[in-house]
Structures are given as C-alpha cells and as structure tokens.
Amino acid sequence: MAPSWRSCLTLFFLFLLASASMAQLSPSFYSLTCPTLPVVVLLRMTQAVLEEPRMGASILRLFFHDCFVNGCDASVLLDDTVTFTGEKNAGPNANSLRGFDVIDDIKSAVELVCPGTVSCADILALAARDGVVLVSTPCAYHVFDSLVSAKPGGFPLVFERIVDLGRRGWTCADRRGVLLQLGGPSWTVPLGRRDATTASQSAANSNLPSPASSLSQLFSAFSAQGLSARDMTALSGAHTIGQARCVNFRSHIYNDANIDADFASQRQQNCPSSGGDNNLAPLDLQTATEFDNAYYQNLVGFQSLLHSDQELFNNGSQDSLVQQYSTDSSTFFSDFAAAMVKMGNIKPLTGSNGEIRLDCRMVN
C-alpha cells in the first residue's frame with residue numbers, strides 16, 4: 001500500500017503545482033499592489049492614439065512580435081548594446097516595429113504610481129488591448145469626467161468615458177480634433193508576467209511569419225505557438241487596421257494572380273516595381289482606422305494587400321471561416337478576443353523567473 005499511497009501523494013502535489021502555474025496569470029494580479037494600472041495605461045494609450053491613430057495597430061503588432069519569440073516577456077523591447085543583441089534589428093522587426101516610445105511613456109507613468117511593481121510585458125499586453133478598443137473614427141469625442149490624483153504628488157489619473165457625438169447633437173465639424181470611439185472588441189487581460197533578461201534575434205528571424213508565407217507556413221508558425229487554425233485566421237483580422245510598407249506587398253500586387261486587377265493597379269501607383277520600399281498603404285483600404293470585419297470582405301473580394309493574408313481565402317481550408325467573418329462581425333470579435341487571450345498566455349515568465357524592469361529598454 002505504501003508505494004501506491006506515495007504515488008498518489010506525488011501526483012497530487014504535481015497537480016497542485018501545475019494548477020498554481022496556470023493560475024499565476026490573473027486579471028486581478030495587481031489589484032492590491034497597483035489598482036490604478038488599467039486607468040494609467042488606458043489614459044496614455046488614449047493620448048497616443050489621439051495623436052496618431054495608427055499607433056493602436058503598431059502596439060498590437062509589437063505585442064504579436066513579442067509573444068511569438070520565446071513568449072510574452074517584453075524581450076522585443078530590449079535595445080541592442082555593445083554586449084547584448086536584442087530583437088529590434090531582426091529581419092521582421094528592423095525599420096518596421098513602432099511604438100517603443102509609447103511603451104516607455106506608459107512605463108514612466110506607471111512607475112510614478114507603482115514603482116518597481118508592474119512588468120513591461122504586462123504593460124504591453126494591456127496597451128495592445130486598449131489599442132484595439134481605442135480606434136479613431138470621425139464622429140465621437142472624448143469626455144474627461146474627473147481628474148484625480150492617485151496619491152499626494154503622484155501622477156494624475158483621468159477617469160473617462162467615450163460619448164457618441166450623435167447622442168449630443170454634435171456634428172463631425174464640432175469635433176475640434178478630438179476623435180475617439182470604442183472601436184474593436186475588448187477582453188480581460190490576465191496579468192502577472194515578468195520581463196525577460198535575454199532576447200533572441202535568431203528566434204525573431206525564424207518564428208515570425210513572413211508577408212510572403214503560404215497557408216501551410218502560416219499553419220506551422222501559429223501551431224508552433226500553440227495556436228489553432230481558427231486562432232490564426234481570427235488574429236490575422238488585426239490587419240483591419242494599420243499600414244504596410246511597399247517592400248512587403250510589392251510581389252503580391254505585381255506577380256500574384258489571386259488579386260483583383262483594379263485593386264493591384266491602384267496599389268501600384270504608390271508602390272513602384274523598384275524603389276519606394278518604405279511607401280505605405282493601408283492594410284484595409286475600406287476602413288483603414290476602424291477595427292471591423294472589412295478585412296475579411298477584402299479577402300473575399302481578392303483585395304488583400306499582403307500575399308500571406310490572401311492565402312486565408314484562396315481555395316483553402318480557411319475559406320469558409322473567412323466568409324463567415326466577412327458577414328458576421330460579432331463572431332469575428334468574439335474569436336479575436338479569445339485568441340488574443342490565448343496568445344497572451346504563450347510562455348509567460350512568472351514567479352521568480354525574469355524580473356520587473358525599471359526601464360523597458362534594458363535589463364536591471
């Protein structure tokens with residue numbers, strides 16, 4: 001009986017350890033140590049998106065590029081030094097990733113109210129969510145309900161709400177440059193990640209899917225991160241906002257057959273067959289700054305900017321799901337939110353692993 005009892009006890013403790021590990025990420029992780037965290041991040045992201053509507057997409061992409069390289073650990077934020085090689089100059093990231101200054105700004109604000117408490121990895125996860133929710137559109141304005149101070153001498157926090165202009169009888173001409181509306185889906189962000197002290201440029205070069213990826217290559221890249229084909233198709237909907245450089249879509253608009261001819265011709269006007277590599281075009285020509293399901297409508301109409309995106313609707317296994325998303329935004333929003341939570345849970349550093357960086361660009 002003794003060996004059996006000991007085996008059961010061992011299995012029981014292993015189960016407890018596994019359960020504890022799974023439970024380490026929690027939406028309430030900072031409820032006692034930094035309860036104002038969500039408000040600080042939202043306020044700073046609001047300011048960033050108001051100043052540049054494209055920033056929501058940039059922060060979302062930054063989070064994606066972080067999580068796909070050894071987990072959501074803020075390794076993508078680390079600068080290169082004489083003795084340290086980070087991920088910023090990897091092929092998919094160099095001259096491409098944006099938003100580092102925004103994360104720095106949020107981190108500085110958080111440090112004022114909760115010094116040495118919140119990881120850069122968690123700040124990036126929250127900012128990515130807020131970047132989806134805060135999408136610039138032409139008929140809304142921002143109302144700051146009250147201005148309070150977190151503590152004497154602390155960083156001022158703004159509690160806010162978004163009010164539809166139409167309900168107040170305002171027109172778009174009354175907006176006075178302040179354009180903000182709840183756009184994309186929201187989700188609860190599990191927290192408790194810690195920051196990496198290392199980075200991997202080689203993993204960044206190998207793990208991140210290319211704009212030239214085939215459907216099978218996309219499957220492999222997402223599957224390697226524990227994400228399903230449905231997750232992949234839903235997460236690709238992030239391309240309903242943001243822009244791409246000519247160098248990343250030139251081959252598709254000049255060489256591919258699965259593209260609407262008029263759309264290709266239009267894109268070629270700003271992306272010559274040679275030169276102009278950094279010329280930008282919206283990933284979603286219909287509603288470039290709104291988080292909606294127009295991206296999937298573009299795919300069905302063979303008006304995708306990137307080869308890899310059009311692969312999702314090209315007589316393949318994802319065609320039916322793309323068609324569903326193109327007519328059912330609620331299902332897309334629900335699946336996107338669930339997939340974002342799942343992606344945010346890729347290999348987080350928790351407990352005593354990693355550190356809480358004081359500066360997101362360098363290890364302590």
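Me: How many aromatic pairs does the structure hold, and what makes two rings a pair?
Reply: This is a predicted model, and it holds 15 aromatic pairs. Two rings pair if their centres lie within 6.5 Å.

Me: Why is the pair of phenylalanine 64 and phenylalanine 222 called tilted?
Reply: The ring centres of phenylalanine 64 and phenylalanine 222 are 6.1 Å apart, and their planes stand at 40°. Planes under 30 degrees apart would count as stacked and planes over 60 as edge-to-face, so this pair is tilted.

Me: What makes this pair a tie between separate parts of the sequence?
Reply: Phenylalanine 64 belongs to helix H3 (residues 55–67), whereas phenylalanine 222 belongs to helix H8 (residues 215–223), so the pair ties together parts that are 158 residues apart in sequence.

Me: Are phenylalanine 64 and phenylalanine 222 buried or exposed?
Reply: Buried means under 20% relative accessible area. Phenylalanine 64 has 18% and is therefore buried, and phenylalanine 222, at 5%, counts as buried too.

Me: How do you know which kind of pair tyrosine 325 and phenylalanine 332 form?
Reply: Their rings lie 5.7 Å centre to centre with 55° between the planes, and the pair is tilted.

Me: Which residues does the "binding site" annotation cover, and what is the largest C-alpha distance?
Reply: According to the unreviewed UniProt entry, the annotation covers Thr240, Asp284, Thr287 and Asp292. Although these residues are spread over 53 residues of sequence, they cluster in space, with a largest C-alpha distance of 9.8 Å.

Me: Why is aspartate 284 called buried, and where is its place?
Reply: Its relative accessibility is 0%, and the cut-off is under 20%, so aspartate 284 counts as buried. Aspartate 284 has its place in the loop between strand E6 (280–282) and helix H12 (294–300). Leaving aside neighbours within four places in sequence, its contacts include His239, Thr240 and Asp292.

Me: What makes aspartate 292 buried, and which residues does it touch?
Reply: The relative accessible area of aspartate 292 is 15%, therefore it is buried. Aspartate 292 also has its place in the loop between E6 and H12. Not counting residues up to four places away in sequence, aspartate 292 touches Thr240, Asp284, Thr287, Phe332 and Phe333.

Notes
Residues are numbered from 1 along each chain as its sequence is written. This is a predicted model: local features need pLDDT of at least 70, side-chain atom pairs count only at pLDDT 80 or more; totals for chains, interfaces and linings use all residues. Side-chain values use heavy atoms; hydrogens and water are left out. Rings of Phe, Tyr and Trp (its six-membered ring) pair if their centres lie within 6.5 Å; planes under 30 degrees apart count as stacked, over 60 as edge-to-face and the rest as tilted. Helices (H or I, at least four residues) and strands (E, at least two) are DSSP runs, numbered from the N terminus. Buried means under 20% relative accessible area, exposed over 50%, partly exposed in between (1.4 Å probe, protein chains only). UniProt positions are given in the numbering used here, feature names are shortened, and annotations may be inferred rather than shown by experiment. Contact means heavy atoms within 4.5 Å.
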